[in-house]
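Thanks for asking me to look this over.

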Amino acid sequence: MPQPPPRQPQDPQIDEQDILRAMREIPGYLDITPEDFRQVYARAYAHALERVRRGLPAERVMTREAAAVAVDTPLTEVARIMAQRRVSGVPVLQGGRVVGLISEKDFLDAMGAQGGRHFMEVVAQCLGQGPCLAAPLRAATAGELMSAPAVVAGPETSTSEIAEIMGQKGINRVPVVDSQGRLLGIVSRADLLRAGGPA
Amino acid sequence: MSYWAKMRGASQSPPGVGLAEILWSWLGAFLGIAAVAYVNQRWLAGTDLLLIIGSFGASAVLIYGAVKSPLAQPRNLLGGHLISAAIGVACYQWLGQVPWLAAALAVATAIAAMHASKTLHPPGGASALIAVIGGPQIHALGFFYVLVPVGLGAAIMLAVALLVNNLAPHRRYPEFWL
(Lines give C-alpha, C1' and ligand atoms only; values in the text may rest on other atoms or scores of the structure.)
Protein backbone atom coordinates (compact mmCIF):
# COMPACT_ATOMS: atom_id res chain seq x y z
CA MET A 1 0.00 0.00 0.00
CA PRO A 2 1.49 3.36 -0.97
CA GLN A 3 2.19 5.79 1.83
CA PRO A 4 -0.37 8.57 2.01
CA PRO A 5 1.04 11.84 0.69
CA PRO A 6 2.42 14.11 3.41
CA ARG A 7 -0.17 16.47 4.79
CA GLN A 8 0.53 20.05 3.85
CA PRO A 9 -1.19 23.20 5.01
CA GLN A 10 -2.56 23.82 1.53
CA ASP A 11 -3.98 20.30 1.35
CA PRO A 12 -7.58 20.23 0.20
CA GLN A 13 -9.64 19.80 3.32
CA ILE A 14 -12.03 17.18 2.05
CA ASP A 15 -13.04 14.29 4.21
CA GLU A 16 -14.66 10.96 3.50
CA GLN A 17 -18.12 12.37 4.03
CA ASP A 18 -17.58 14.93 1.28
CA ILE A 19 -16.41 12.19 -1.05
CA LEU A 20 -19.30 9.89 -0.22
CA ARG A 21 -21.72 12.75 -0.85
CA ALA A 22 -20.09 13.46 -4.20
CA MET A 23 -20.13 9.79 -5.15
CA ARG A 24 -23.83 9.63 -4.36
CA GLU A 25 -24.44 12.54 -6.72
CA ILE A 26 -22.91 10.62 -9.61
CA PRO A 27 -25.34 8.03 -10.90
CA GLY A 28 -23.98 4.54 -11.43
CA TYR A 29 -21.65 2.33 -9.48
CA LEU A 30 -18.23 3.87 -8.87
CA ASP A 31 -15.63 1.15 -8.54
CA ILE A 32 -13.48 3.01 -6.00
CA THR A 33 -13.39 3.42 -2.23
CA PRO A 34 -13.63 6.90 -0.70
CA GLU A 35 -10.13 6.53 0.75
CA ASP A 36 -8.64 5.64 -2.64
CA PHE A 37 -10.30 8.70 -4.05
CA ARG A 38 -9.00 10.92 -1.25
CA GLN A 39 -5.46 9.77 -1.94
CA VAL A 40 -5.81 10.32 -5.67
CA TYR A 41 -7.30 13.74 -5.05
CA ALA A 42 -4.66 14.85 -2.55
CA ARG A 43 -1.88 13.82 -4.89
CA ALA A 44 -3.50 15.37 -7.93
CA TYR A 45 -3.98 18.58 -5.94
CA ALA A 46 -0.31 18.62 -4.96
CA HIS A 47 0.65 18.14 -8.61
CA ALA A 48 -1.63 20.98 -9.64
CA LEU A 49 -0.10 23.28 -7.01
CA GLU A 50 3.36 22.36 -8.19
CA ARG A 51 2.37 23.08 -11.79
CA VAL A 52 0.95 26.48 -10.89
CA ARG A 53 3.94 27.29 -8.69
CA ARG A 54 6.30 26.48 -11.53
CA GLY A 55 4.34 28.80 -13.78
CA LEU A 56 4.48 29.20 -17.53
CA PRO A 57 7.50 30.12 -19.65
CA ALA A 58 7.80 33.84 -20.33
CA GLU A 59 7.27 33.41 -24.07
CA ARG A 60 3.80 32.04 -23.41
CA VAL A 61 2.59 35.13 -21.53
CA MET A 62 4.71 38.01 -22.88
CA THR A 63 3.33 40.80 -25.03
CA ARG A 64 4.93 40.49 -28.44
CA GLU A 65 5.75 43.45 -30.67
CA ALA A 66 6.44 45.45 -27.55
CA ALA A 67 7.08 49.18 -27.90
CA ALA A 68 10.78 50.04 -27.74
CA VAL A 69 13.00 53.07 -28.25
CA ALA A 70 16.66 53.58 -29.20
CA VAL A 71 19.30 55.08 -26.91
CA ASP A 72 19.40 58.22 -29.07
CA THR A 73 15.63 58.68 -29.22
CA PRO A 74 14.77 62.13 -27.82
CA LEU A 75 12.77 61.98 -24.60
CA THR A 76 9.93 63.94 -26.17
CA GLU A 77 9.61 61.12 -28.68
CA VAL A 78 9.90 58.51 -25.93
CA ALA A 79 7.08 60.17 -23.99
CA ARG A 80 4.96 60.34 -27.13
CA ILE A 81 5.51 56.64 -27.88
CA MET A 82 4.68 55.64 -24.31
CA ALA A 83 1.50 57.68 -24.43
CA GLN A 84 0.51 56.32 -27.82
CA ARG A 85 1.11 52.69 -26.86
CA ARG A 86 -0.42 53.26 -23.43
CA VAL A 87 2.51 51.68 -21.61
CA SER A 88 4.27 52.93 -18.52
CA GLY A 89 7.70 51.69 -19.56
CA VAL A 90 9.68 50.78 -22.69
CA PRO A 91 12.93 48.91 -23.31
CA VAL A 92 15.81 50.95 -24.71
CA LEU A 93 17.71 49.33 -27.56
CA GLN A 94 21.23 49.83 -28.83
CA GLY A 95 22.26 47.89 -31.92
CA GLY A 96 19.13 45.76 -31.53
CA ARG A 97 20.00 44.78 -27.97
CA VAL A 98 18.17 45.73 -24.83
CA VAL A 99 20.49 47.98 -22.82
CA GLY A 100 18.07 49.64 -20.45
CA LEU A 101 14.52 50.51 -19.61
CA ILE A 102 12.68 53.79 -19.32
CA SER A 103 9.59 54.06 -17.19
CA GLU A 104 7.25 56.79 -16.02
CA LYS A 105 9.14 56.60 -12.76
CA ASP A 106 12.40 57.63 -14.49
CA PHE A 107 10.65 60.68 -15.89
CA LEU A 108 9.20 61.56 -12.52
CA ASP A 109 12.53 61.13 -10.78
CA ALA A 110 14.15 63.50 -13.26
CA MET A 111 11.37 66.03 -12.89
CA GLY A 112 11.03 65.80 -9.15
CA ALA A 113 13.30 68.78 -8.50
CA GLN A 114 12.25 68.86 -4.86
CA GLY A 115 13.21 65.22 -4.42
CA GLY A 116 9.60 64.27 -4.89
CA ARG A 117 8.90 60.93 -6.52
CA HIS A 118 5.18 61.21 -6.61
CA PHE A 119 3.29 62.28 -9.68
CA MET A 120 1.11 64.67 -7.69
CA GLU A 121 4.21 66.40 -6.41
CA VAL A 122 5.13 67.27 -9.98
CA VAL A 123 1.58 68.40 -10.65
CA ALA A 124 1.64 70.56 -7.54
CA GLN A 125 4.85 72.23 -8.59
CA CYS A 126 3.60 72.86 -12.15
CA LEU A 127 0.31 74.32 -10.84
CA GLY A 128 2.33 76.60 -8.60
CA GLN A 129 4.56 79.31 -9.93
CA GLY A 130 7.61 77.07 -10.26
CA PRO A 131 9.36 76.51 -13.55
CA CYS A 132 8.19 73.70 -15.83
CA LEU A 133 10.03 70.70 -14.52
CA ALA A 134 9.94 68.91 -17.85
CA ALA A 135 11.86 71.65 -19.63
CA PRO A 136 15.37 70.35 -18.88
CA LEU A 137 14.40 66.98 -20.36
CA ARG A 138 13.58 68.41 -23.75
CA ALA A 139 17.08 68.06 -25.11
CA ALA A 140 17.89 64.73 -23.44
CA THR A 141 17.75 61.28 -25.03
CA ALA A 142 16.53 57.89 -23.82
CA GLY A 143 20.07 56.73 -23.12
CA GLU A 144 20.55 59.54 -20.58
CA LEU A 145 17.44 58.82 -18.59
CA MET A 146 17.10 55.04 -18.78
CA SER A 147 17.69 52.65 -15.91
CA ALA A 148 20.57 50.40 -16.90
CA PRO A 149 21.50 47.65 -17.08
CA ALA A 150 18.07 46.31 -17.85
CA VAL A 151 16.71 43.43 -15.82
CA VAL A 152 15.75 40.91 -18.50
CA ALA A 153 14.39 37.39 -18.76
CA GLY A 154 14.81 34.62 -21.31
CA PRO A 155 11.93 33.06 -23.24
CA GLU A 156 12.05 30.02 -20.93
CA THR A 157 12.14 31.99 -17.67
CA SER A 158 9.07 30.99 -15.67
CA THR A 159 6.34 33.40 -14.66
CA SER A 160 7.01 32.54 -11.03
CA GLU A 161 10.66 33.63 -11.40
CA ILE A 162 9.61 36.81 -13.18
CA ALA A 163 7.11 37.58 -10.42
CA GLU A 164 9.88 37.12 -7.86
CA ILE A 165 12.25 39.40 -9.81
CA MET A 166 9.55 42.09 -10.04
CA GLY A 167 8.97 41.92 -6.33
CA GLN A 168 12.66 42.02 -5.46
CA LYS A 169 13.64 44.83 -7.82
CA GLY A 170 10.43 46.79 -7.43
CA ILE A 171 9.82 46.86 -11.19
CA ASN A 172 6.66 46.40 -13.19
CA ARG A 173 7.89 44.95 -16.46
CA VAL A 174 10.67 42.66 -17.62
CA PRO A 175 11.82 42.54 -21.25
CA VAL A 176 12.20 39.05 -22.69
CA VAL A 177 15.33 38.69 -24.81
CA ASP A 178 16.93 35.90 -26.83
CA SER A 179 20.48 34.67 -26.25
CA GLN A 180 21.85 37.62 -28.27
CA GLY A 181 19.99 40.11 -26.11
CA ARG A 182 17.49 40.96 -28.85
CA LEU A 183 14.01 41.95 -27.72
CA LEU A 184 11.36 39.23 -28.11
CA GLY A 185 8.64 40.76 -26.01
CA ILE A 186 7.89 42.15 -22.60
CA VAL A 187 6.19 40.70 -19.53
CA SER A 188 4.26 43.17 -17.41
CA ARG A 189 2.44 42.60 -14.15
CA ALA A 190 -0.76 42.67 -16.18
CA ASP A 191 0.58 39.84 -18.36
CA LEU A 192 1.26 37.79 -15.22
CA LEU A 193 -2.23 38.41 -13.92
CA ARG A 194 -3.73 37.41 -17.25
CA ALA A 195 -1.69 34.19 -17.19
CA GLY A 196 -3.28 33.40 -13.83
CA GLY A 197 0.10 32.71 -12.33
CA PRO A 198 1.56 34.14 -9.13
CA ALA A 199 1.92 37.86 -9.52
CA MET B 1 0.60 0.24 9.03
CA SER B 2 1.21 -3.03 10.84
CA TYR B 3 0.29 -6.38 9.34
CA TRP B 4 -2.64 -6.96 11.69
CA ALA B 5 -3.88 -3.38 11.62
CA LYS B 6 -4.22 -3.63 7.83
CA MET B 7 -6.90 -6.29 8.32
CA ARG B 8 -9.19 -3.83 10.05
CA GLY B 9 -9.78 -1.93 6.82
CA ALA B 10 -9.08 1.73 6.20
CA SER B 11 -12.09 3.09 4.35
CA GLN B 12 -15.77 2.45 3.99
CA SER B 13 -18.04 0.90 1.45
CA PRO B 14 -18.93 3.18 -1.45
CA PRO B 15 -22.55 4.34 -1.54
CA GLY B 16 -25.22 2.09 -2.98
CA VAL B 17 -26.93 2.83 -6.28
CA GLY B 18 -30.44 4.04 -7.00
CA LEU B 19 -33.37 2.04 -8.27
CA ALA B 20 -32.92 3.16 -11.89
CA GLU B 21 -29.37 1.89 -11.88
CA ILE B 22 -30.51 -1.43 -10.46
CA LEU B 23 -33.13 -1.81 -13.15
CA TRP B 24 -30.74 -0.94 -15.99
CA SER B 25 -28.24 -3.46 -14.60
CA TRP B 26 -30.96 -6.08 -14.49
CA LEU B 27 -32.10 -5.34 -18.03
CA GLY B 28 -28.61 -5.38 -19.50
CA ALA B 29 -27.69 -8.62 -17.81
CA PHE B 30 -30.98 -10.23 -18.81
CA LEU B 31 -30.58 -9.30 -22.47
CA GLY B 32 -26.85 -10.07 -22.59
CA ILE B 33 -27.13 -13.53 -21.09
CA ALA B 34 -30.35 -14.17 -23.02
CA ALA B 35 -28.59 -13.44 -26.31
CA VAL B 36 -25.75 -15.82 -25.58
CA ALA B 37 -27.97 -18.54 -24.08
CA TYR B 38 -30.51 -18.30 -26.92
CA VAL B 39 -27.89 -18.69 -29.64
CA ASN B 40 -26.45 -21.58 -27.68
CA GLN B 41 -29.79 -23.34 -27.37
CA ARG B 42 -31.17 -22.53 -30.81
CA TRP B 43 -28.17 -23.33 -32.99
CA LEU B 44 -25.61 -25.21 -31.00
CA ALA B 45 -27.74 -27.72 -29.10
CA GLY B 46 -26.92 -31.20 -30.33
CA THR B 47 -23.53 -30.14 -31.71
CA ASP B 48 -20.17 -30.48 -30.04
CA LEU B 49 -20.06 -26.70 -29.62
CA LEU B 50 -21.35 -24.51 -26.86
CA LEU B 51 -21.50 -20.76 -26.43
CA ILE B 52 -22.28 -20.19 -22.79
CA ILE B 53 -19.84 -20.70 -19.97
CA GLY B 54 -19.91 -19.70 -16.33
CA SER B 55 -17.49 -16.82 -16.63
CA PHE B 56 -20.04 -14.82 -18.65
CA GLY B 57 -22.19 -14.52 -15.53
CA ALA B 58 -19.28 -12.73 -13.91
CA SER B 59 -18.69 -10.54 -16.97
CA ALA B 60 -22.35 -9.54 -16.88
CA VAL B 61 -21.88 -8.15 -13.37
CA LEU B 62 -19.20 -5.83 -14.64
CA ILE B 63 -20.37 -4.76 -18.09
CA TYR B 64 -24.02 -4.29 -17.09
CA GLY B 65 -23.64 -3.56 -13.37
CA ALA B 66 -20.46 -1.48 -13.09
CA VAL B 67 -20.21 0.09 -16.53
CA LYS B 68 -17.77 2.81 -15.46
CA SER B 69 -15.26 0.40 -13.98
CA PRO B 70 -11.97 0.04 -15.87
CA LEU B 71 -12.46 -3.70 -15.39
CA ALA B 72 -15.65 -3.54 -17.46
CA GLN B 73 -14.30 -1.81 -20.56
CA PRO B 74 -14.13 -3.53 -23.98
CA ARG B 75 -10.35 -3.83 -23.89
CA ASN B 76 -10.59 -5.66 -20.59
CA LEU B 77 -13.65 -7.73 -21.49
CA LEU B 78 -12.29 -9.09 -24.76
CA GLY B 79 -8.59 -8.99 -23.94
CA GLY B 80 -9.03 -10.51 -20.50
CA HIS B 81 -11.19 -13.40 -21.75
CA LEU B 82 -9.10 -14.19 -24.85
CA ILE B 83 -5.72 -14.07 -23.13
CA SER B 84 -6.94 -16.05 -20.13
CA ALA B 85 -8.69 -18.65 -22.25
CA ALA B 86 -5.54 -19.29 -24.28
CA ILE B 87 -3.51 -19.63 -21.10
CA GLY B 88 -6.10 -22.00 -19.63
CA VAL B 89 -6.06 -24.28 -22.68
CA ALA B 90 -2.26 -24.27 -22.75
CA CYS B 91 -2.11 -25.22 -19.07
CA TYR B 92 -4.59 -28.05 -19.55
CA GLN B 93 -2.81 -29.46 -22.57
CA TRP B 94 0.57 -29.23 -20.86
CA LEU B 95 -0.34 -30.32 -17.33
CA GLY B 96 -3.78 -31.93 -17.69
CA GLN B 97 -2.56 -35.07 -15.92
CA VAL B 98 -2.05 -32.99 -12.75
CA PRO B 99 -5.39 -31.17 -12.60
CA TRP B 100 -4.81 -29.23 -9.38
CA LEU B 101 -1.54 -27.83 -10.72
CA ALA B 102 -2.97 -27.05 -14.14
CA ALA B 103 -5.90 -25.23 -12.55
CA ALA B 104 -3.79 -23.14 -10.22
CA LEU B 105 -1.23 -22.32 -12.89
CA ALA B 106 -3.94 -21.34 -15.37
CA VAL B 107 -5.66 -18.82 -13.08
CA ALA B 108 -2.49 -17.35 -11.60
CA THR B 109 -0.84 -16.95 -15.01
CA ALA B 110 -4.03 -15.51 -16.47
CA ILE B 111 -4.08 -12.78 -13.81
CA ALA B 112 -0.40 -12.00 -14.38
CA ALA B 113 -0.90 -11.82 -18.15
CA MET B 114 -4.01 -9.62 -17.81
CA HIS B 115 -2.12 -7.27 -15.52
CA ALA B 116 0.83 -7.10 -17.86
CA SER B 117 -1.41 -6.39 -20.84
CA LYS B 118 -3.67 -3.88 -19.00
CA THR B 119 -6.67 -6.13 -19.66
CA LEU B 120 -7.55 -7.14 -16.10
CA HIS B 121 -11.07 -8.59 -16.19
CA PRO B 122 -11.91 -10.82 -13.22
CA PRO B 123 -14.11 -13.23 -15.22
CA GLY B 124 -11.02 -13.96 -17.32
CA GLY B 125 -9.76 -15.96 -14.37
CA ALA B 126 -12.90 -18.09 -14.62
CA SER B 127 -12.40 -18.57 -18.35
CA ALA B 128 -8.87 -19.83 -17.67
CA LEU B 129 -10.12 -22.14 -14.93
CA ILE B 130 -12.98 -23.53 -17.04
CA ALA B 131 -10.49 -24.50 -19.74
CA VAL B 132 -8.93 -26.84 -17.18
CA ILE B 133 -11.91 -28.09 -15.13
CA GLY B 134 -14.66 -27.74 -17.77
CA GLY B 135 -14.90 -31.45 -18.58
CA PRO B 136 -14.59 -33.45 -21.80
CA GLN B 137 -16.73 -31.15 -23.97
CA ILE B 138 -14.48 -28.19 -23.26
CA HIS B 139 -11.27 -30.19 -23.47
CA ALA B 140 -12.27 -31.53 -26.89
CA LEU B 141 -12.36 -27.99 -28.30
CA GLY B 142 -8.64 -27.47 -27.79
CA PHE B 143 -7.57 -23.93 -28.61
CA PHE B 144 -10.83 -23.41 -30.51
CA TYR B 145 -12.19 -22.77 -26.99
CA VAL B 146 -10.55 -19.34 -27.22
CA LEU B 147 -12.75 -18.38 -30.19
CA VAL B 148 -15.94 -20.26 -29.31
CA PRO B 149 -17.36 -20.04 -26.74
CA VAL B 150 -15.05 -17.47 -25.15
CA GLY B 151 -14.37 -14.93 -27.94
CA LEU B 152 -17.75 -15.10 -29.63
CA GLY B 153 -19.70 -15.11 -26.38
CA ALA B 154 -17.80 -12.11 -25.07
CA ALA B 155 -18.35 -10.28 -28.38
CA ILE B 156 -22.11 -10.85 -28.19
CA MET B 157 -22.18 -9.64 -24.59
CA LEU B 158 -20.19 -6.57 -25.64
CA ALA B 159 -22.64 -5.78 -28.44
CA VAL B 160 -25.55 -5.96 -26.00
CA ALA B 161 -23.66 -3.77 -23.53
CA LEU B 162 -23.12 -1.10 -26.21
CA LEU B 163 -26.76 -1.21 -27.30
CA VAL B 164 -28.41 -1.35 -23.88
CA ASN B 165 -26.13 0.67 -21.60
CA ASN B 166 -26.27 3.69 -23.89
CA LEU B 167 -30.06 3.70 -23.80
CA ALA B 168 -29.90 4.67 -20.14
CA PRO B 169 -29.89 8.47 -19.73
CA HIS B 170 -27.19 8.47 -17.03
CA ARG B 171 -25.03 5.76 -18.51
CA ARG B 172 -22.50 5.76 -21.27
CA TYR B 173 -20.43 2.85 -22.43
CA PRO B 174 -17.60 2.40 -22.94
CA GLU B 175 -15.32 4.80 -21.08
CA PHE B 176 -12.56 3.80 -23.50
CA TRP B 177 -11.92 1.21 -26.19
CA LEU B 178 -8.17 0.75 -26.11
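This is a predicted model: local features need pLDDT of at least 70, side-chain atom pairs count only at pLDDT 80 or more; totals for chains, interfaces and linings use all residues.

1. The peptide bond between B:Tyr173 and B:Pro174 is cis, with omega at about 0°.

2. B:Pro149 belongs to a helix, namely α8 of chain B, which covers residues 144-165.

3. Now for the backbone phi angles. Most residues other than glycine have a negative phi. A:Arg86 is not a glycine, yet its phi is positive, at about 55°. You will find A:Arg86 in the chain A loop that links α4 (75-85) to β3 (89-94). Is A:Arg86 buried or exposed? It is exposed, and its relative accessible area is 77%.

4. B:Lys118 gives you a counterpart in chain B: a residue that is not a glycine, with a positive phi of about 55°. Its place is the loop between α5 and α6 of chain B. B:Lys118 has a relative accessible area of 62%, so it counts as exposed. B:Lys118 is also among the contacts of B:Asn76, which brings me to the next point.

5. B:Asn76 is part of helix α4 of chain B. With a relative accessible area of 6%, this residue is buried, because the limit for that label is under 20%. What does the side chain of B:Asn76 have close to its polar atoms? The backbone oxygen of B:Leu120 lies 2.8 Å from one of them. Beyond its neighbours within four places in sequence, B:Asn76 is in contact with B:Pro70, B:Leu71, B:His81, B:Lys118, B:Thr119, B:Leu120, B:His121 and B:Phe176.

6. Which side chain does the side chain of B:Ser59 make a polar contact with? The partner is B:His81, at 2.6 Å. Once neighbours within four places in sequence are set aside, the contacts of B:Ser59 are B:Leu77, B:His81, B:His121, B:Pro123 and B:Met157.

7. Stepping back to chain B as a whole, it has eight helices and zero strands. Of its 178 residues, 43% count as buried. Take the contacts between residues at least 6 apart in sequence: 72% of these join residues at least 24 apart.

8. Next, the packing of α4(B), which covers residues 74-95, against α5(B), residues 99-116. Their axes come within 8 Å and cross at roughly 150°. That angle is over 145°, so the two helices count as roughly antiparallel. The crossing is right-handed. Residues of α4(B) that take part include B:Ile83, B:Ile87, B:Cys91 and B:Trp94, while those of α5(B) include B:Leu101, B:Leu105, B:Thr109 and B:Met114. By class, this contact has 13 nonpolar residues, four polar ones and no charged ones.

9. α4(B) also packs against α6(B), residues 122-133, with the axes 7 Å apart and an angle of about 25°. An angle under 35° means that these two helices are roughly parallel. Here too the crossing is right-handed. On the α4(B) side, the residues that meet α6(B) include B:His81, B:Ala85, B:Val89 and B:Tyr92; on the α6(B) side they include B:Pro123, B:Gly124, B:Ser127 and B:Ala131. The contact has seven nonpolar, seven polar and no charged residues.

10. Finally, a link to follow in the viewer. B:His81 is one of the α4(B) residues that meet α6(B), and its side chain is the polar partner of the B:Ser59 side chain. B:Pro123 of α6(B) also takes part in the contact with α4(B), and B:Ser59 touches B:Pro123 as well.

Conventions
Residues are numbered from 1 along each chain as its sequence is written. Chains are lettered from A and ligands numbered from 1 in the order in which they are written. Side-chain values use heavy atoms; hydrogens and water are left out. A polar contact is a pair of N or O atoms within 3.5 Å; within protein, one must be able to donate a hydrogen and the other to accept it, and residues adjacent in sequence count only if both atoms are side-chain atoms. Contact means heavy atoms within 4.5 Å. Axes are lines fitted to C-alpha atoms, for helices over the stretch in contact, and angles run from 0 to 180 degrees between N-to-C directions. Helices (H or I, at least four residues) and strands (E, at least two) are DSSP runs, numbered from the N terminus. Angles under 35 degrees count as roughly parallel, over 145 as roughly antiparallel, 65 to 115 as roughly perpendicular and the rest as oblique. A crossing is left-handed if the near helix is turned anticlockwise from the far one by less than a right angle, and right-handed if clockwise. Ala, Val, Leu, Ile, Met, Phe, Trp, Tyr, Cys and Pro count as nonpolar, Asp, Glu, Lys and Arg as charged, and the others, Gly among them, as polar. Buried means under 20% relative accessible area, exposed over 50%, partly exposed in between (1.4 Å probe, protein chains only).
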